[in-house]
Amino acid sequence: MLTHVPFVTFKTRVRDESIGGDNPFKWEDKTTDDIFKGKKIALFSLPGAFTPTCSSTHLPGYEAKFEELKGLGIDEVYCLSVNDAFVMYQWGLKLGVKNVKLLPDGNGDFTRLMGMLVAKNNLGFGDRSWRYSMVVDNGRIEKAFIEAGREDNHGEDPFKVSDAGTMVDYLKSAK
């Protein structure tokens, strides 16, 4: 496992009311420094927006525990997926996400450099992220929780250690 997050640029969309119209968003590049520098971040990554476990449990779990995570020293919580900015935005709207920031890794650059990119061709997904979570302090990976069995075209979707409860338990024990 890496000791620091890799340097990449994420292609994001941000609201800009000066644009007007029904789609007041513009492209904005965000680097890993923009996200992690000088902050303590809880990041979790999952196979895909709108997929069953990701939508029913993983993202909603972090959203529900957001205030508790903040109380344990986390500055921001990010959900990363190998999906584009448009899909991530619509997924957030559908789930009513207010606190967790959705981070599109559309090209899989961050995921690949983290060593977490896996083929999901068996499901027709192409390349996606393996499910994991981590605490990142000023770019340094303090602790990572990686689901067991990481491999291409894995037949299962394990979800045992990358959940919000495990993250909260770790942060409590680290105090």
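Modeller: The face of helix H6 that is turned away from its buried side carries Asp 169 and Ser 173, which are exposed (over 50% relative accessible area, whereas buried means under 20% and partly exposed lies in between, with a 1.4 Å probe and protein chains only). This is a predicted model, in which local features need pLDDT of at least 70 and side-chain atom pairs count only at pLDDT 80 or more, while totals for chains, interfaces and linings use all residues. Residues are numbered from 1 along each chain as its sequence is written, and side-chain values use heavy atoms, with hydrogens and water left out.

H6 spans residues 164-174, and its buried residues are Ala 164, Met 167, Val 168, Tyr 170 and Leu 171. These residues lie on the same side of H6 because they cover an arc of only 160° around the axis, the arc being that of the directions from the helix axis to the C-beta atoms. An α-helix has 3.6 residues a turn, so residues three or four places apart point the same way.

The buried residues of H6 pack against strands S3 (40-46), S8 and S9 (140-146), and against helices H2 (52-64) and H3 (66-71). Helices (H or I, at least four residues) and strands (E, at least two) are DSSP runs, numbered from the N terminus.

Within S8 (residues 132-137) lies Ser 133, which is buried at a relative accessible area of 0%. Among the residues that Ser 133 touches is Met 167, contact meaning heavy atoms within 4.5 Å.
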